[in-house]
Amino acid sequence: MPVEPNVYPLAEHANQKPRLLVAKELFYWKRPTVFFLASHIFSSSASRSDGWADRYEVVEGYEQEAEGGITMKLQSAVVKSFDDYYLKLRLDANARNPWFPEFWQYRFQCRLPGHPQENKNYKKVCSGNESLQENYIQDSKMGFVINAIYAMAHGLHDMHEELCPGQTGLCDAMDPIDGSKLLDYLLKTSFRGVSGEEIYFDENGDTPGRYDIMNLQSVGDTGEGRYDYINVGSWHEGILAMDDSKLWLNSSDMVRSVCSEPCSKGQIKVPICWGGFPVFVVIAEFIGERKGEVSCCWICTTCKDNEYVQDEFTCKACELGWWPDDLLAGCEPLPLKYLDWADVESIVAVAFSCVGILITSFVTFVFIQYRDTPVVKSSSRELCYIILAGIFLGYICPFTLIARPTVVSCYLQRLLVGLSSAMCYSALVTKTNRIARILAGSKKKICTRKPRFMSAWAQVIIAFMLISVQLTLEITLIILEPPEPIKSYPSIREVYLICNTSNVGMVAPLGYNGLLIMSCTYYAFKTRNVPANFNEAKYIAFTMYTTCIIWLAFVPIYFGSNYKIITTSFSVSLSVTVALGCMFTPKMYIMIAKPERNVRSAFTTSDVVRMHVGDGKSAQCGSNSFLNMFRRKKPGSGNTKSKTPSEGGECVAQTVCACEETGSRLESDGGHQAPN
């Protein structure tokens with residue numbers, strides 16, 4: 001129950017169903033359940049309503065909702081003389097009333113066999129000994145019915161006395177009877193009613209108003225569910241008498257008798273109407289306004305969070321990106337949200353990138369300083385520069401992602417995120433592919449031709465071709481979907497400024513990078529068991545395994561959360577950090593901490609990697625060309641001897657001269673490691 005009590009005056013109608021629905025609805029909304037159920041009761045109108053009165057069938061099934069209801073009952077005493085007459089009536093002794101047999105059959109639901117008025121719809125046969133006292137309760141309006149008959153009789157009598165003096169029966173002046181003249185005589189009638197009350201009519205044709213005020217209350221022990229109407233007062237011709245101690249709601253607080261309280265800020269009025277029956281109250285008599293002024297009751301309903309009060313009956317939702325103002329009378333734009341440089345995640349991402357940029361710059365400087373040393377030359381120097389450039393761009397990406405979205409920053413996002421990774425992985429694919437081809441050729445007994453595109457610049461061209469595929473893909477997507485900042489609405493309460501990167505614009509570049517990663521991982525796994533001098537392949541393999549884990553975690557996080565920018569930022573930074581740490585830390589350690597290991601002998605083959613190269617003709621012995629075959633020197637042998645036709649027969653197309661160079665250790669051509 002609410003703390004603040006209230007009284008809701010509701011209209012009486014001939015049909016009480018809408019009224020009960022009102023009561024039930026108010027109970028559902030936990031409104032005060034004290035209802036003043038009458039209309040026009042303090043006026044002199046003839047249309048006083050007493051439809052509810054003290055009738056139990058009206059509240060049947062709604063007792064809990066109707067408890068505390070105040071109803072009006074027309075004051076009428078029990079007419080004892082009518083009971084004495086009615087209860088003595090018998091079927092066989094009431095021959096003067098021709099309709100009495102029909103009433104008897106209806107009253108007892110039986111039939112009178114052989115009677116002219118027999119009702120054959122009833123199967124039970126009347127015995128004639130039924131008692132009218134069975135289930136008998138005198139109608140509360142019996143006195144009014146008798147008084148109405150008396151009033152008509154007095155009116156006719158007075159009219160006959162004046163128009164037909166001294167005559168018996170109707171005279172010519174009353175044949176036929178003029179209804180308007182009869183009404184004048186009725187309104188002038190006054191007499192004492194059947195219960196002794198004074199009966200007369202005022203200038204409006206109304207009789208004196210006499211009402212008992214009833215209050216529906218729970219009686220008996222708590223929980224029994226018994227209810228009864230208790231007489232708590234009366235109203236006699238403008239004089240109100242109330243016994244407040246008998247009221248169900250006896251509180252020290254003032255009970256306000258209003259239709260509905262004014263709604264608070266952000267609330268609208270919802271009229272109480274059901275099934276086409278509006279619930280009206282006449283408030284003129286209750287609150288002193290103009291007579292006859294009618295208003296409709298309402299329930300105050302709070303508008304939704306994103307709605308403002310358009311008028312007293314309507315809530316209107318604000319458009320996306322707008323929110324109700326403080327007065328809830330209109331909408332105002334929501335502040336645009338985007339990653340701020342002061343956010344914790346932004347600070348961490350930027351700090352991480354700054355450290356990465358410094359380290360990358362330092363590594364690049366050291367590589368340039370030691371560019372002609374074996375450790376740099378044996379690592380495919382030009383490809384390392386491409387990898388370092390990709391790593392540097394990867395650390396630049398968080399700055400473009402975190403910056404306020406503009407056309408420029410959106411362009412940079414679309415280009416750098418995919419391009420930085422493509423530069424790293426294209427160079428790594430080229431390196432691992434070259435190592436794999438060298439090892440594949442070394443396992444053949446006869447190699448008829450040298451592997452192609454093994455030079456340094458050939459490797460650079462291959463890497464740039466792979467990078468150009470990514471660049472072409474990104475430019476195509478940019479043309480189809482020009483980058484620009486747009487508003488995003490993850491909820492009705494938030495509006496973010498983001499770049500209009502679609503799922504295709506993100507998936508296509510990352511898909512190509514994923515293809516490079518898988519290719520590089522395949523070659524890295526394939527060359528994991530290379531000779532000790534080729535142990536760079538093992539670092540590449542570890543780099544790719546870790547990168548796969550990072551990007552496999554990136555996909556569900558990116559598409560399953562609202563933190564797409566931070567997720568992309570950290571994924572790019574972590575992947576280039578893995579490449580920087582795994583690929584360049586061992587080389588930096590040798591160049592700075594172990595310079596004695598930065599010699600040519602440490603970066604040439606100590607074990608034999610056999611390559612049989614031939615073109616079907618005899619090869620020249622002692623040649624240092626990479627197209628010749630090398631094999632391990634046999635113990636105790638001198639220089640390699642060429643077989644002659646006299647020693648071993650004529651050389652044929654399938655026979656290749658075997659050349660050995662004792663203790664030969666060759667440095668790679670153009671700075672690349674080649675097997676001996």
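Modeller: Helices here are DSSP runs of H or I, at least four residues long, numbered from the N terminus. The model is predicted. With that numbering, Asn135 falls in the loop between helix 5 and helix 6.

Colleague: Why is Asn135 called exposed?

Modeller: The relative accessible area of Asn135 is 74%. Exposed means over 50%, so Asn135 is exposed.

Colleague: What makes the phi of Asn135 worth a remark?

Modeller: Most residues other than glycine have a negative phi. Asn135 is not a glycine, and its phi is positive, near 55°. Gln109, also in the loop between helix 5 (100–108) and helix 6, has a positive phi of about 55° and is not a glycine either.

Colleague: How do you know whether Gln109 is buried, partly exposed or exposed?

Modeller: Its relative accessibility is 42%. Buried needs under 20% and exposed needs over 50%, so Gln109 counts as partly exposed.

Colleague: What makes the bond between Asp175 and Pro176 stand out?

Modeller: Most peptide bonds are trans. The bond joining Asp175 and Pro176 is cis, with omega about -5°. Pro176 sits in the loop between helix 6 and helix 7.

Colleague: Why is helix 6 called roughly perpendicular to helix 7?

Modeller: Helix 6 (residues 142–163) and helix 7 (residues 179–187) pack at about 110°, with their axes 8 Å apart. Angles of 65 to 115 degrees count as roughly perpendicular, so that is the term for helix 6 and helix 7. Their crossing is right-handed. Among the residues making the contact are Met152 and Leu156 of helix 6, and Leu182, Tyr185 and Leu186 of helix 7. By class, the contact has eight nonpolar, one polar and three charged residues.

Colleague: How do you know that Met152 counts as partly exposed?

Modeller: Met152, in helix 6, has 36% relative accessibility. That value lies between the limits of 20% and 50%, so Met152 is partly exposed. Met152 touches Leu182 and Leu186, leaving aside residues up to four places away in sequence. Met152 and Tyr185 are 33 residues apart in sequence, and their C-alpha atoms are 9.3 Å apart in space.

Conventions:
Residues numbered from 1 in each chain as written. Predicted model: local features only at pLDDT ≥ 70, side-chain atom pairs only at ≥ 80, totals over all residues. Heavy atoms only, no water. Axes fitted to C-alpha atoms, helices over the stretch in contact; angles between N-to-C directions. Helix = DSSP H or I, 4+ residues; strand = E, 2+ residues; numbered from the N terminus. Parallel < 35°, antiparallel > 145°, perpendicular 65-115°, else oblique. Left-handed = near helix turned anticlockwise from the far one by under 90°. Contact = heavy atoms within 4.5 Å. Nonpolar A, V, L, I, M, F, W, Y, C, P; charged D, E, K, R; others polar. Buried < 20%, exposed > 50% of the residue type's maximum accessible area, 1.4 Å probe, protein only.
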